[in-house]
Amino acid sequence: MRRGLLILALALALSQGAHAQTVQPGQPAPTAEAEAKALVLAAGLRNQLLESMPAMAEGLRQHLSQQNPGREEDVRRAVETAIVPAVAARLDELIEKAVQPLVRGFTAEELYIMRRFLELDLDQRMEGALQIVAFELDRESGDWLRKIGEEALAARATDQRLRGLRF
């Protein structure tokens, strides 16, 4: 679930930007923008972006090498010493852009609820609970269905077409 939110946030990263404030865990933000930023940070977006930096750097290196044939060493140096550090320093700008679809689609209160859901690790607990629910359904549904079927047939015992049906 958390990964899905991160992927969603990354996919939406090309939207318009906004200025967001830092929000303390458990406290509502004063604006939807600040709450949306707090939500994606609670979901781990910053860490995921930082983890994707080597792949991004390799993509940049390949692109720049194609644009500048014969200058591969200069391209490598540009990516490592100039571009990647500049991207890392301005990562908050990308995060602020990424939150805009959330701001447009949810109220500050809804964003706060989603953030608290993540901060309390309810997504992990819910995933475990739903596995137990599925196990219980699998274990109990056969007997339950048999009981309902038998009761339904018994209630319609006067129907000649249903009489004598065995469940």
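Contact here means heavy atoms within 4.5 Å of each other.

**Ground rules.** I noted that this is a predicted model, where local features need pLDDT of at least 70 and side-chain atom pairs count only at pLDDT 80 or more, while totals for chains, interfaces and linings use all residues. Residues are numbered from 1 along each chain as its sequence is written, and side-chain values use heavy atoms, with hydrogens and water left out.

**Overall layout.** I looked up the secondary structure and found 9 helices and 0 strands. Helices (H or I, at least four residues) and strands (E, at least two) are DSSP runs, numbered from the N terminus. Along the sequence the pattern reads α-α-α-α-α-α-α-α-α. Next I checked burial: 25% of the 167 residues count as buried. The cut-offs are under 20% relative accessible area for buried, over 50% for exposed, and partly exposed in between (1.4 Å probe, protein chains only).

**Salt bridges.** How many salt bridges does the structure hold? I got 14. To count, a side-chain nitrogen of Lys or Arg must be within 4 Å of a carboxyl oxygen of Asp or Glu. The background idea is that side chains of opposite charge can pair when their charged atoms come close.

I started with glutamate 96 and lysine 37, whose side chains meet at 3.9 Å, N to O. This pair links distant parts of the chain, since glutamate 96 is in helix H6 (residues 91–98) and lysine 37 is in helix H2 (residues 32–42), 59 residues apart. Are these two buried or exposed? Both are buried.

Then I looked at a local pair: glutamate 73 and arginine 76 form a salt bridge with their closest N and O atoms 2.1 Å apart. Both lie in helix H5 (residues 72–89), 3 residues apart, which is about one turn of the helix. Glutamate 73 is partly exposed at 47% relative accessible area, and arginine 76 is partly exposed too, at 31%.

Lysine 147 and glutamate 151 make another bridge, at 4.0 Å from N to O. They sit in helix H9 (residues 122–155), 4 residues apart, again about one turn. Glutamate 151 counts as partly exposed, with 44% relative accessibility. I also found a network: Glu35, Arg115, Arg116 and Glu119 are joined by salt bridges that share partners.

**Nonpolar cores.** A nonpolar core is a set of buried Ala, Val, Leu, Ile, Met, Phe, Trp, Tyr and Cys residues joined through side-chain atoms within 4.5 Å. The largest one has 15 residues, and Ala36, Val40, Leu45, Leu102 and Leu111 touch the most other members. H2, helix H3 (45–51), H6, helix H7 (100–105) and helix H8 (108–119) each give two or more residues to this core. Which element gives the most? H2 does, with 4 residues. Apart from this core lies another, of 5 residues, including Met53 and Val84.

**H2 against H8.** I finished with this helix pair. Their axes (lines fitted to C-alpha atoms, for helices over the stretch in contact, with angles from 0 to 180 degrees between N-to-C directions) come within 9 Å and cross at roughly 20°. H2 and H8 are therefore roughly parallel, as angles under 35 degrees count that way. Among the residues that meet here are Ala32, Glu35 and Leu39 in H2, and Leu111, Tyr112 and Arg115 in H8.

Note on methods
Parallel < 35°, antiparallel > 145°, perpendicular 65-115°, else oblique.
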